[in-house]
Amino acid sequence: MAATQTARMQTTPAMPRLRRFALRHYRVIIAYVILFALLAITISLNDRFFTPPVITSTVNQSMTLIFAGVAQTTVVITGGIDLSVGSIISMSNSLASATFLDTDNTLNIILVVALVLVVATLAGLINGLIVVYGRLQPIIVTLATASIYSGIALYLRPRPGGYVPSVYADLLTKRAGQLLPETLFGENPVGISAFFESLTNTIPMSLILLIIVLLVIWIPFRRSQLGMWVYAIGNNEAASYMSGVNVKLAKISAYTLSGLLAGLAGLFLTAQTQSGGADTGAIFTLQSIAVVVLGGTSLFGGSGGIAGTVAAAVALRLIPTILFFARINPLQQPLWEGAVILLAVSAGASRIFMVRNRLDTMR
Amino acid sequence: MADKPPILEALGVNKRFGNTIALKDATFVCQPGSIHALVGENGAGKSTLIKIVAGVVSADSGMIKIDGNVSTVTSPSQAAQQGILPVFQELSLLPELTIAENIFISNAPQNRLGIINRKRLKQSAEALFADLGLDQIDPTSLVKEIPLAQRQLVEIAKAVSHDPKVLILDEGTSALAVQDVKIVFEFIRRMRDQGRSVIFISHRMSEVEEIADMLTIFRDGEDVGSFPMGSISHEEMVQLMIGRKLEQVFPPKPAPGKPRTPILEVENLSWEPTLHSISLSVGKGEIVGLGGLDGQGQAELLFALFGVLRGVHGTVRIHGQEVNIKTPSAATNKSNRIALIPEDRKTEGLILPMSVGDNSIMAIIDRLINHFGLVNNQKERSTIQQMIEQMQVKVSSPRTPVRSLSGGNQQKVVIGKWLLTDAQIYLLHDPTRGIDVGTKQEIYQLIRNLADKETGILFFSTELSELVGLCDRVLVLYEGRIFRELTGSDINETNIVAAALGLQQTKQPVTPQEI
């Protein structure tokens with residue numbers, strides 16, 4: 001068309017893919033740089049870090065925070081915040097420890113897990129319903145429900161304790177190889193069998209659990225229309241509504257998913273500690289927010305994701321390990337955690353020094 | 001052939017917002033296959049009517065018919081299903097999502113498990129862009145990565161993707177420069193030729209005259225007449241819109257006389273890679289226009305002079321004295337006295353939830369302070385009152401939040417706020433964007449009055465008629481350089497457009513015979 005050809009249009013030259021990726025995800029990249037830096041420090045302090053038991057315990061220590069962080073991420077992306085993550089973890093932990101029977105019966109374990117997940121999901125759903133239909137600020141809604149869920153946890157488990165079947169704990173916290181029959185790969189395995197034996201002997205069950213959860217729950221959600229909508233409403237709720245996005249459904253689903261993931265965190269914490277308590281989840285509320293930000297998700301919503309959150313959670317949980325091997329007083333742990341968070345967030349903001357139009361720093 | 005029913009009818013529609021009557025028994029009828037312009041001043045009810053038709057707000061009374069059937073649309077998505085697709089003044093794109101995601105946000109291609117098919121998503125967007133002649137836009141870019149003009153085109157493409165029967169462009173071209181408007185017009189016409197209808201709302205009368213088949217004029221919430229385009233004159237149109245005769249739109253220019261004393265001089269100013277050795281001067285009492293295609297560095301030049309940008313090289317002199325302005329507060333201080341009236345009144349010009357009064361004294365609050373370091377109430381009140389009167393801001397009380405004012409009145413507050421600073425150099429960044437003719441005329445007069453007070457004015461506009469009508473001199477920028485300087489009778493639309501496109505000046509004027 002002649003007119004289109006004469007009507008010249010300013011074109012943006014296509015950015016090289018790698019550069020575009022780096023620009024879009026630089027905050028996540030920073031989270032991984034910090035994770036690898038802390039890993040390097042850990043390895044330099046302890047030459048036996050790469051042994052199956054140490055890797056497994058490191059992964060296990062991170063797992064509750066990873067789930068809590070992923071739960072928080074889903075809500076933060078919508079532009080909201082979930083202050084009840086920690087309370088749902090406590091409630092799940094208390095509920096599990098209160099309902100496990102004094103037996104290794106498989107059916108009992110399945111029923112408890114199902115019950116806990118249903119209750120946690122309901123708790124998230126209630127948060128979402130109040131935020132959407134009560135038209136209240138998420139911060140105040142979840143502050144109130146956090147109190148309620150903590151109260152329920154206290155009712156279920158006034159004193160710490162309870163019985164947790166060791167079958168259940170082992171299933172979530174040991175290495176895969178430890179749960180398989182010893183004769184599976186033969187007495188003295190060679191070739192392929194030997195490879196699989198050493199592999200299963202190294203992989204923590206918790207890591208398998210995490211991968212399953214991400215494959216079955218997070219990725220289908222993120223890649224669905226609903227997942228896209230969750231990002232959309234975090235960008236601009238009014239514009240999303242005008243574009244035909246079901247804002248209410250997207251918001252409710254984000255809070256509900258957060259509840260489910262917090263429930264999984266609580267179940268894992270139960271396996272890890274093999275007991276229950278009404279305040280065991282308390283620290284995870286603020287820590288989950290910290291790892292969301294550290295992982296590059298904007299508290300204003302609309303951008304970011306769980307890749308950074310997972311890296312940030314592992315990085316944060318490496319700090320006690322480093323302090324232990326460096327023979328630093330463990331009471332200094334909060335100090336160092338705070339320092340790492342501050343450093344990471346500053347690194348993310350350092351791009352401001354490269355911005356040449358000062359208005360861009362305020363947009 | 002039997003007459004087809006109108007594709008869209010709004011019959012006797014009434015709507016009130018609190019005490020304000022937005023629509024009073026308004027009627028609007030749009031035929032299939034026509035481009036129907038809807039014009040009127042800010043607050044005439046055009047946007048409200050569109051919002052009702054599109055299911056965003058509901059009417060208090062009256063009837064909407066689509067294709068002859070009474071409509072029961074109550075949400076934007078229902079309206080979209082009926083083929084009514086609005087593109088609103090405020091951009092509705094989501095900056096952190098890709099262009100393809102934005103376009104198909106409510107109908108992305110999915111597999112049986114509900115997972116979005118990314119490849120098909122991208123292909124659908126590419127096919128749509130190819131169809132619209134926009135193949136230079138990469139659908140995998142994030143919206144925040146592309147310039148404003150492209151975003152507007154994406155916005156329109158998004159509406160078109162829903163296969164509209166009626167496409168509504170509410171100020172859909174206000175952010176676009178001439179060459180992009182052409183692209184939009186190109187596909188508006190193609191849509192009409194396919195038998196669809198387009199409702200076109202714009203304050204740019206030249207665009208309305210160029211594109212529309214039908215014209216409906218609104219004033220104070222009522223429709224005051226519908227006409228086939230060309231059946232009424234420009235003057236009659238404007239008169240119906242503002243309800244009175246519009247005298248001269250632009251104030252008379254002073255006769256070009258002796259050279260003026262420069263108030264602002266710029267030498268070899270560069271901000272790589274956008275601005276390249278720009279030299280210019282603005283004289284006392286002079287209005288110097290900045291023209292050119294969108295994104296040739298006009299906005300950056302204003303920002304550079306105002307100290308917003310880092311890494312600017314070159315010399316700037318005020319009254320012959322070399323100055324080194326590194327921050328906006330240095331630009332506005334007592335010795336430099338520069339004011340920048342920004343483009344986006346909603347984000348850079350005003351603090352929307354704060355009152356008209358607070359907004360207007362924001363830049364001069366330090367001058368209203370008494371011995372105790374507190375704001376002198378009496379001085380504050382009289383200053384605000386003076387601004388409201390001078391600018392003729394239509395507001396019941398200075399305590400009204402600025403958010404509740406119409407666009408034109410908001411812009412008056414922005415300008416008034418900077419007038420109070422008593423600056424000697426004004427940098428204007430498209431000050432009449434999205435404002436109705438009546439208010440525009442007032443603002444033009446104001447700018448001229450300012451110049452007459454021996455100030456220097458650098459005026460960046462995306463509207464050709466303003467550059468021609470208001471400016472004493474026009475500098476046309478092309479790829480970050482001053483490409484041409486136009487003075488006196490050389491300031492006309494043809495010359496500006498030619499220079500904006502980077503065309504060298506023809507030595508010999510083209511005679512009619514040669515064409």
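Start with a contact in chain A. From H4(A), the residues Asn60(A), Met63(A), Thr64(A), Phe67(A), Ala68(A), Val70(A), Ala71(A), Gln72(A), Thr74(A) and Val75(A) meet Ala254(A), Tyr255(A), Leu257(A), Ser258(A), Leu261(A), Ala262(A), Leu264(A), Ala265(A), Phe268(A), Leu269(A) and Gln272(A) of H14(A). Contact here means C-beta atoms, placed from the backbone, within 7 Å. Helices are DSSP runs of H or I, at least four residues, and strands are E runs of at least two, numbered from the N terminus.

This is a predicted model: local features need pLDDT of at least 70, side-chain atom pairs count only at pLDDT 80 or more, and totals for chains, interfaces and linings use all residues. Residues are numbered from 1 along each chain as its sequence is written, while chains are lettered from A and ligands numbered from 1 in the order in which they are written.

Back to the pair. The axes of H4(A) and H14(A) come within 7 Å and cross at roughly 170 degrees. Axes are lines fitted to C-alpha atoms, for helices over the stretch in contact, with angles from 0 to 180 degrees between N-to-C directions. That crossing makes H4(A) roughly antiparallel to H14(A).

Next, H12 (residues 225–235) of chain A. H12(A) packs on H14 (residues 247–273) of chain A at about 100 degrees, axes 9 Å apart. So H12(A) is roughly perpendicular to H14(A). H12(A) brings Leu226(A), Trp229(A), Val230(A) and Ile233(A); H14(A) brings Val247(A), Ala250(A), Lys251(A), Ser253(A) and Ala254(A).

One loop residue. Phe50(A) lies between helix H3 (26–45) and helix H4 (52–77) of chain A. Buried or exposed? Phe50(A) counts as exposed, because it has 10 C-beta neighbours inside 10 Å. The cut-offs within 10 Å, with C-beta atoms placed from the backbone: 20 or more others is buried, 12 or fewer exposed, in between partly exposed. Its C-alpha is 9.6 Å from that of Thr202(A), 152 residues apart along the chain.

Last, chain B. Domain 1 covers 8–242 and domain 2 covers 262–504; the bounds come from an automatic or database domain assignment. Their C-alpha centres are 31 Å apart. Domain 1 gives 18 residues to the contact and domain 2 gives 17.

Note on methods:
Angles under 35 degrees count as roughly parallel, over 145 as roughly antiparallel, 65 to 115 as roughly perpendicular and the rest as oblique. Two residues are in contact if their C-beta atoms, placed from the backbone, lie within 7 Å.
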